[in-house]
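Subject: Handover of a structure model

Dear colleague,

Please find below the structure that I am handing over to you. My findings follow directly after it.

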Amino acid sequence: VMPNPEYVIGIDFGLKYVGVAIGQTLTCSARGIGTITARQGKPNWRDLNVLIAEYKPARVIVGLPLNMDSTQSEMAINATSFANKLANKTGLHVLMHDERLTTREAKAAFQNAKALGQAATDHELAACLILESWFAEHQ
C-alpha cells in the first residue's frame, strides 16, 4: 500500500517510437501522454525530458520485451540499456516490467482506446498497458 498517490510514467521502448503514459498509484489507471521519435533506438531525450519535467513522476516503468520462453530478446537488451541511460540522466527510480503480451494487446485494443481518448497511438496504449499491468502487480 502506497501512502500518498504518486505519478508513475510508463514507457514502451521501441527503435523508432517510444510510447509514454502517465498513471497514478491512487487510481491505477494510465493514459498516453506522448509518442517520442527515436533513431536506431536513441530517443529524442529533449522531448522525453519535457514530459518528465511536466509530470514529475516518482518512478518510471519501462516495458521489458522478453521472448515467450523468458530469455532476453535483442529488444529486451536495448530496452534495458535505455532504462539505465534514463536512470542516469534523470536520477529517477527506473524499473523494468515484463511486457510480453502488451504489444499484441495494444494493437487489438487501440481503436477503442483512441475513441475513449486514452491514447493517441498504439505506442502510447502499449505504455498504458505496461503501466496498468505493473500497478496490478504492485498494489
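Strands β2 (residues 17–24) and β3 (residues 30–39) run antiparallel and are joined by seven bridges. These findings rest on a predicted model. Two of the pairs in question are Tyr 17 with Thr 37 in β3, and Gly 23 with Ala 30 in β3. The two strands form a hairpin with five residues between them, and Cys 28 in the turn has a positive phi of about 60°.

β3 also runs antiparallel to β4, through two bridges. Arg 39 has Lys 42 of β4 as its bridge partner. The hairpin of β3 and β4 has two residues between the strands, and Gln 40 there takes a positive phi near 50°. Gln 40 lies in the loop between these strands and is exposed, with a relative accessible area of 73%. In sequence Gln 40 is 38 residues apart from Asn 78, while their C-alpha atoms are 10.0 Å apart in space.

These strands belong to an open sheet of six, in the order β4-β3-β2-β1-β5-β6, with mixed pairing. β4 (42–43) and β6 (93–98) each have a single partner strand, so at these two edges one side of the strand is left without a neighbour in the sheet. Helix α2 (residues 74–90) packs on the sheet and touches β1 (7–12), β4, β5 (59–64) and β6; the direction of α2 makes about 165° with that of β5. Helix α4 (residues 122–138) packs on the sheet as well, touching β1, β2, β3, β5 and β6, and its direction makes about 40° with that of β2.

Within strand β5 is Arg 59. Is this residue buried or exposed? Arg 59 counts as buried because its relative accessibility is 18%, and the cut-off for buried is under 20%. The side chain of Arg 59 makes a polar contact, at 3.1 Å, with the side chain of Glu 6. Not counting residues up to four places away in sequence, Arg 59 touches Glu 6, Tyr 7, Val 8, Ile 9, His 93, Leu 95 and Trp 134.

Helix α1 (residues 45–55) has Trp 45, Leu 48, Leu 51, Ile 52 and Tyr 55 as its buried residues. They cover an arc of only 125° around the axis, and are therefore on the same side of α1. The general rule is that an α-helix has 3.6 residues a turn, so residues three or four places apart point the same way. Arg 46 and Glu 54, on the other side of α1, are exposed. The cover over the buried residues of α1 includes β1, β2, β3, β4 and α2. At the start of α1, a side-chain oxygen of Asn 44 comes to within 3.2 Å of the backbone nitrogen of Arg 46. Lys 56 follows α1 and has a positive phi, near 45°.

In soluble globular proteins, nonpolar side chains tend to be buried together. The largest nonpolar core here has 22 residues, and those with the most contacts inside it are Ile 11, Leu 48, Val 62 and Leu 86. At least two residues of this core come from each of β1, β2, β3, α1, β5 and α2. The element that gives the most to this core is α1, with five residues. Ile 11 touches, apart from residues up to four places away in sequence, Val 18, Gly 19, Leu 48, Val 60, Ile 61, Val 62, Gly 63, Phe 82, Leu 86, Ala 127 and Ile 130. Another core, of 15 residues, lies apart from the largest one and has Phe 110, Ala 119, Ala 127 and Leu 131 among its members.

Leu 131 has its place in helix α4 and is buried, with a relative accessible area of 0%. Which residues is Leu 131 in contact with, leaving aside its neighbours within four places in sequence? They are Val 8, Ile 9, Gly 10, Ala 21, Ile 22, Gly 23, Ala 30 and Ile 61. Gly 23 and Ala 30 in this list are the bridge partners named above. Asp 47, by contrast, is 20 Å from Leu 131 in space, C-alpha to C-alpha, and 84 residues apart from it in sequence.

Yours sincerely

Definitions and conventions:
Residues numbered from 1 in each chain as written. Predicted model: local features only at pLDDT ≥ 70, side-chain atom pairs only at ≥ 80, totals over all residues. Heavy atoms only, no water. Pairing = 2+ DSSP bridges. Helix = DSSP H or I, 4+ residues; strand = E, 2+ residues; numbered from the N terminus. Contact = heavy atoms within 4.5 Å. Axes fitted to C-alpha atoms, helices over the stretch in contact; angles between N-to-C directions. Buried < 20%, exposed > 50% of the residue type's maximum accessible area, 1.4 Å probe, protein only. Arc of directions from axis to C-beta. Polar contact = N/O pair within 3.5 Å; in protein donor to acceptor, adjacent residues only side chain to side chain. Core = buried A, V, L, I, M, F, W, Y, C linked by side-chain atoms within 4.5 Å.
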